[in-house]
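The sequence and the structure come first.

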Amino acid sequence: MTKAAKVMVPAIKVTRLHKTFNCCKALDGVSLDINPGEMVALIGASGSGKSTLLRHVAGLAVGDSSTQGGSIEVMGRPIQACGRLATDIRATRARIGFVFQQFNLVGRLPVMTNVLTGALGRLPLWRSLTGLFPLEDRERALEALTRVGIHETAWQRASTLSGGQQQRAAIARTLVQRAEIILADEPIASLDPESSRRVMETLATINAEDKTTVVVCLHQVDFAIRYCPRTIALKKGQIVFDGPSAELTPSALRDLYGAEADELSAPIQGSASFITDTALAVAG
Amino acid sequence: MNTAIDTARLSPPPRQSLVKLLAWGVIFATLAWSWSGAEIRPMALITDGANMGTFLADFFPPNFHDWRYYLEEMVITLHIAIWGTALAIVCAIPFGLLCAENVAPAWINQPVRRLMDSCRAINEMVFAMLFVVAVGLGPFAGVLALFVHTTGILAKLFSEAVEAIDPRPVEGIRATGANLLEEIVYGIIPQVMPLWISYSLYRFESNVRSATVVGMVGAGGIGVVLWEIIRGFYFAETCAVMLIIIATVSIIDIVSSRLRKLFI
């Protein structure tokens, strides 16, 4: 930990978090600190607990109550402790943008309205229930859509967009939210390589320009290495690696995951066209 | 050897045939058991055939002499159906949401469901008789009767639609820091809207039919007219009123089913 990090309030602080589903342990005493402005990848094979961890940080799931001290704080405000959500969870959630694997947009509403829902956390009830969003928020929504490159779809139904466009609309929603932290749960797992690249590119730009903390769950290590300076690796609910992404060489991965390492690094060896795609993109 | 296996497979396993046989047995036993209670006398249709012929002949030709009056009352019947349905929709939205498992906890949705059950269990005719006593003879009693009964039905249909939604968009809204009401307005309502509209139109159709009978107990509309002329043995006039009802209900059914198709 650097000197500066010690005096800063961590953006995300997880302390000895446990989560048990029926019989199996999904999270087994996870503790981590993430500083404001970091872009961190959370990697692991299916069922390693990375999505579960992210959902706990947003307060969309609660940890085990039996273990003492399992707690999460975001920007110094409690999210949950000992299996109970904080009472002001909604106010804190409004500061956290969440991007889902399946986009979680409301398909029948226009993209614009979907993006405007990012403002719900700070609007008075009469405005949100009547749908009379202030001009400032509507300007912000259009600006956010322009920034992620899909402003021409603003008044289309969200369900008519492609997967990649929907995911960028979901990111625009976090921009309207003025989220200080973006948690992205497998944002590219349902997308084709080109859309994946654009979504990761967008998240990296937001991180660089707005100093927004970004934590992104990934299945493929090559994306983590390309876009995130720091990687946290999970295996069976425990952190097995936390450090610079550059250290995650194929041999290091094999040491951590054994046979599972193939699953995490498959796209690199598996898809030749993908390599050329990203190579061209980087070159261009 | 092979042919022996094949012939065994040609008919279903004996267990299945036995269950099928038993099911038919139960159906016939039930019908036989109800025969005497319902006083089924098929012979009466033949022996009294001549009487029925005379009776039927009295209906024709229909007498449309008072058609303006009948049409006015038919329009009032429509008014009853419109207001009965409109009030029911307004109340069924909150009640329907409170009945849904994925919106309200069990200690709320169970009592609300029982309340809606009781609204639904009692026929609108019974409610009409009660409301005639409470607010007096006339269409308003009919409106209230349809309103209470339809609220029970729509709340159940609405809540079933809510329980079948995709939870992920709702979670997306929740993640922005929205409260429960905002989750409902932005996450749930847009998803259930087509079904809710379709159910409401369907209930409006049924309410036009029901509104023609609530009048029989004095709750206004064409039913009152029908009841009076049947009791007075004016069969030619009865026939005219019945034709007007059939025409109106058919038109409403056709228009409403066209509208419903737009929303599904």
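Two strands pair if DSSP finds at least two bridges between them. Helices (H or I, at least four residues) and strands (E, at least two) are DSSP runs, numbered from the N terminus. The model is predicted, with local features needing pLDDT of at least 70 and side-chain atom pairs counting only at pLDDT 80 or more, while totals for chains, interfaces and linings use all residues. Residues are numbered from 1 along each chain as its sequence is written, chains are lettered from A and ligands numbered from 1 in the order in which they are written, and side-chain values use heavy atoms, with hydrogens and water left out.

**Sheet of chain A**

In chain A, five strands make an open, antiparallel sheet in the order β2-β1-β4-β5-β6. Its edges are β2 (24–34) and β6 (84–85) of chain A, each of which pairs on one side only.

Strand β4 (residues 71–74) of chain A runs antiparallel to β5(A), and four bridges join them. Within this pair, E73(A) is opposite P78(A) of β5(A). The hairpin of β4(A) and β5(A) has two residues between the strands, and M75(A) takes a positive phi near 50° there.

Strand β5 (residues 77–81) of chain A is joined to β6(A) by two bridges, again antiparallel. Q80(A) has L85(A) as its bridge partner in β6(A), and A81(A) stands opposite R84(A). In the hairpin of β5(A) and β6(A), with two residues between the strands, C82(A) has a positive phi near 50°.

**Domains of chain A**

Chain A is assigned domain 1 (1–95 + 183–284) and domain 2 (100–179); such bounds come from an automatic or database domain assignment. Where they are in contact (heavy atoms within 4.5 Å), domain 1 of chain A gives 21 residues and domain 2 of chain A gives 15 residues.

Eight residue pairs, both at pLDDT 80 or more, are in polar contact between domain 1 of chain A and domain 2 of chain A. A polar contact is a pair of N or O atoms within 3.5 Å; within protein, one must be able to donate a hydrogen and the other to accept it, and residues adjacent in sequence count only if both atoms are side-chain atoms. On the side of domain 1 of chain A that touches domain 2 of chain A, helix α8 (residues 193–210) of chain A supplies the largest share, nine residues. That side of domain 1 of chain A divides into eight nonpolar, five polar and eight charged residues.

**Chain B against chain A**

Contact here involves 20 residues of chain B and 27 residues of chain A. Seven residue pairs, both at pLDDT 80 or more, are in polar contact across the interface of chain B and chain A. The elements giving two or more residues to the side of chain B that touches chain A are α9 (167–174) and α10 (180–214) of chain B, and α10(B) gives the largest share, nine residues.

**Buried area and salt bridges**

Buried area is the accessible area (1.4 Å probe) that two parts lose on being put together, summed over both. A salt bridge is a side-chain nitrogen of Lys or Arg within 4 Å of a carboxyl oxygen of Asp or Glu.

| Parts | Buried area | Share from carbon and sulfur atoms |
|---|---|---|
| domain 1 of chain A and domain 2 of chain A | about 1400 Å² | 57% |
| chain B and chain A | about 2000 Å² | 62% |

Between domain 1 of chain A and domain 2 of chain A there are two salt bridges. E209(A) forms a salt bridge with R147(A), with the closest N and O atoms 3.1 Å apart. The interface of chain B and chain A has one salt bridge. E171(B) forms a salt bridge with R55(A), the closest N and O atoms being 2.6 Å apart.

Conventions: Ala, Val, Leu, Ile, Met, Phe, Trp, Tyr, Cys and Pro count as nonpolar, Asp, Glu, Lys and Arg as charged, and the others, Gly among them, as polar.
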